[in-house]
Amino acid sequence: MIFPLKGNARVKEAVEQFISAHRMPHAIIIEGDPGTGRHTLAKYIAKAAVCEGENRPCGSCRSCHLADIGTHPDIEWVAPAEKKKNISVDQIRELRTTAYHSPHTSETRAFIIEQAETMNAHAQNSILKVLEEPPGKVIFILLTVAAERLLDTVVSRCTVLSLFPPATGEAVKELCDRGYSRDEALAALGSESGNVGKALELLGGKNSGTGAELARDYFAAITKGELLNAMLLTAALESNRPEVDKFTVALKELLHGKIKDSMAYPQTAREYIAMLDAVNGFEALLATNINLGLYFTALTSKLTAVRNKK
Ligand SMILES: [Zn+2]
């Protein structure tokens, strides 16, 4: 069966991977704004959980058919009762009892909890008990606008899948692949109506040009631990001294930004500060006519070492 959502490549990859590896998480949070496909994705995962076919969800077995028309006995939806604003603690207690019974016809039983943020703390603590000691053969799928509206203890026991409108999802991924953080990407796309090119211009600002662009890619390679890739990137600069200066300025600016962004996470901030110190230290060497190949080799291994020290 074809994955039902456009865009959202990362989510697609993650979901297809855990389904094909038969390693379905026992609890999933699907977060996203209305219209991003939370229900569609929940149905798809639940269908894969109950499917009797080979390539799940096969789309042609009896279970898939029942899932499609919404009458599969092992797929249960939970939502605030009619005229109620919240999912009650009683609803969750009932769900818990059911969860410990064997599935009716399939291998797995799926519970889909809509508007999960409407569970009050009591209800969330009640579901937490079942998430902490999940019965076998059960999957819980919580749908919400934002996972942060749920208790940390609940979120920490779930695999979180974040959905974006198709265009934005792809655009965010593209910007993140270029070394920008998700928040930077979302902010830039927000002010440029989702236009990747314009968002890049905005993010790059005056700081454009080969050296500056390479600094982004280089930083991304270092943080991913791709040492060889980082070296290959700087190879292009070895014969172009003016771009080396732009590269260094851009790398430092980028690290200043990362330090600012990570103030709430002292360990991460310390790592960026150490990286900035390394760049500053090496910059002095540039005034000494050092061989640029050597310079980049030394800088790259230093930055990688700092990054791995955590
Ligand atoms: Zn099937």
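How many helices and strands does the secondary structure of the chain come to?

## Overall architecture

The secondary structure of the chain comprises 14 helices and five strands; helices (H or I, at least four residues) and strands (E, at least two) are DSSP runs, numbered from the N terminus. The model is predicted: local features need pLDDT of at least 70, side-chain atom pairs count only at pLDDT 80 or more, and totals for chains, interfaces and linings use all residues. Residues are numbered from 1 along each chain as its sequence is written.

The C-alpha trace spans about 75 × 40 × 35 Å along its principal axes. Of the 310 residues of the chain, 35% count as buried. A residue is buried if 20 or more other C-beta atoms lie within 10 Å of its own, exposed if 12 or fewer, and partly exposed in between, with C-beta atoms placed from the backbone. Among contacts between residues at least 6 apart in sequence, 69% join residues at least 24 apart; two residues are in contact if their C-beta atoms, placed from the backbone, lie within 7 Å.

## Helices H4 and H5

Helix H4 (residues 89–99) packs with helix H5 (residues 121–132) at an angle of about 10°, their axes being 8 Å apart. Axes are lines fitted to C-alpha atoms, for helices over the stretch in contact, and angles run from 0 to 180 degrees between N-to-C directions. H4 and H5 are therefore roughly parallel to each other; angles under 35 degrees count as roughly parallel, over 145 as roughly antiparallel, 65 to 115 as roughly perpendicular and the rest as oblique.

On the H4 side, the contact is made by Val89, Ile92, Arg93, Arg96 and Ala99, and on the H5 side by His122, Ala123, Ser126, Ile127 and Val130. By class, this contact of H4 with H5 has six nonpolar, two polar and two charged residues. Ala, Val, Leu, Ile, Met, Phe, Trp, Tyr, Cys and Pro count as nonpolar, Asp, Glu, Lys and Arg as charged, and the others, Gly among them, as polar.

## Helix H8

In helix H8 (residues 182–191), the buried residues include Ala185, Ala188 and Leu189. These cover an arc of only 100° around the axis, which puts them on the same side of H8; the arc is that of the directions from the helix axis to the C-beta atoms. Asp183, Gly190 and Ser191 are exposed on the other side of H8.

## Helices H10 and H12

The axes of helix H10 (residues 210–223) and helix H12 (residues 241–261) come within 7 Å and cross at roughly 50°. H10 and H12 are therefore oblique to each other.

Residues of H10 that meet H12 include Leu214, Ala215, Tyr218 and Phe219, while Phe247, Ala250, Leu251 and Leu254 are among those meeting them from H12. The residues of the contact of H10 with H12 divide into 10 nonpolar, two polar and three charged.

Glu226 lies in the loop between H10 and H11. With 15 C-beta neighbours inside 10 Å, Glu226 counts as partly exposed. The C-alpha atoms of Glu226 and Thr304 are separated by 8.8 Å, although the two residues are 78 residues apart along the chain.

Ala230, Leu233 and Thr234 are buried in helix H11 (residues 227–235). Seen down the axis of H11, its buried residues fall within an arc of 90°, so they line one face of the helix. They pack against H10 and helix H14 (292–309). Leu228 and Ala235 are exposed on the other side of H11.
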